[in-house]
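Hello,

Here is the structure we talked about handing over. Please load it first, then read the notes below.

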Amino acid sequence: MPFSLFDAVVPSNLQILAAVDALLDKAAAFCAERGTTEADLIDTRLAPDMLPFGYQVKSCAVHSVGGIEGVQAGSFSPDMAPWPTDFAGLHRVVQTAIASLNALDRDAVDALAEGDTQFAFGETRMPFTGANFLLSFSQPNFYFHASTAYAILRAQGVKLGKRDFLGMPRIKR
């Protein structure tokens, strides 16, 4: 079976983004039950030196479709723009990423595998092939931010289990 960059990246991004979108619903319900403001939960951090929940959710989009767009452009830089301060805005970020991933052409993504891509942040430049960037940099970051978002909610008392993180596995039917 030939290697498919599309298959290695896009379906898993879609699975976890759908799970993150569902986490937002549970977070909203939690805030309503507790009388907590959305902004308070969105600003919650797992540790003082980590960025808050809102950034973690936004970064799932940045390291999924944003990573692919970076490879298409030949360069990826972290998106440090502000994140939405309400759940509706975070839903839009996640759902826009899902729609963009669903619109990708399989052959076009597979064609990115050997192209030159760089990670650029300040003076830092890291050269990659498209496949190596997506699989060894963007995808691990994607999972890091998804798991951190999940962990922040768990630490705040939102009732979540492993299934909430995994979303809907792509089982044989």
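**Charges and overall build**

The chain carries 14 positive and 18 negative charges, and their mean positions are 10 Å apart. Keep in mind that this is a predicted model.

The surface comes next. Of the 173 residues, 46% are buried.

Now the fold. The chain has eight helices and three strands. Read from the N terminus, the order is α-α-α-α-β-α-α-β-β-α-α. The radius of gyration is 16 Å, close to the 16 Å that the globule rule gives for 173 residues, so the chain is as compact as a globular protein of that length. The C-alpha trace spans about 50 × 50 × 20 Å along its principal axes. Take contacts between residues at least 6 apart in sequence: 74% of them join residues at least 24 apart.

**Lys58**

Is Lys58 buried or exposed? Lys58 is buried, because its relative accessible area is 5%, which is under the 20% cut-off. Lys58 sits in helix H3, residues 53–62. A polar atom of the Lys58 side chain lies 2.6 Å from the backbone oxygen of Ala81. Beyond its neighbours within four places in sequence, Lys58 is in contact with Asp79, Met80, Ala81, Pro82, Trp83 and Val93.

**Helix H4 and what covers it**

H4 runs over residues 65–73. Its buried residues include Val65, Gly66, Gly67, Ile68, Gly70 and Val71. What covers these buried residues? The cover includes helix H1 (5–34), H3, strand S1 (75–76), helix H5 (87–102), strand S2 (116–121) and helix H7 (130–156). Just after H4, Gly74 takes a positive phi of about 90°.

**Ser77**

Ser77 lies in the loop between S1 and H5. Ser77 counts as partly exposed, because its relative accessibility is 40%, between the 20% and 50% cut-offs. Which backbone oxygen does the side chain of Ser77 reach? That of Ala120, at 2.8 Å. Ser77 and Ile152 are 75 residues apart along the chain. Their C-alpha atoms are separated by 25 Å.

That is the handover.

Best regards

How values were computed:
Residues are numbered from 1 along each chain as its sequence is written. This is a predicted model: local features need pLDDT of at least 70, side-chain atom pairs count only at pLDDT 80 or more; totals for chains, interfaces and linings use all residues. Side-chain values use heavy atoms; hydrogens and water are left out. Helices (H or I, at least four residues) and strands (E, at least two) are DSSP runs, numbered from the N terminus. The radius of gyration is taken over C-alpha atoms; the globule rule is 2.2 Å times the number of residues to the power 0.38. Buried means under 20% relative accessible area, exposed over 50%, partly exposed in between (1.4 Å probe, protein chains only). Contact means heavy atoms within 4.5 Å. Lys and Arg count as positive and Asp and Glu as negative; His and the chain ends are not counted. The place of a charge is taken as NZ of Lys, CZ of Arg, CG of Asp or CD of Glu. A polar contact is a pair of N or O atoms within 3.5 Å; within protein, one must be able to donate a hydrogen and the other to accept it, and residues adjacent in sequence count only if both atoms are side-chain atoms.
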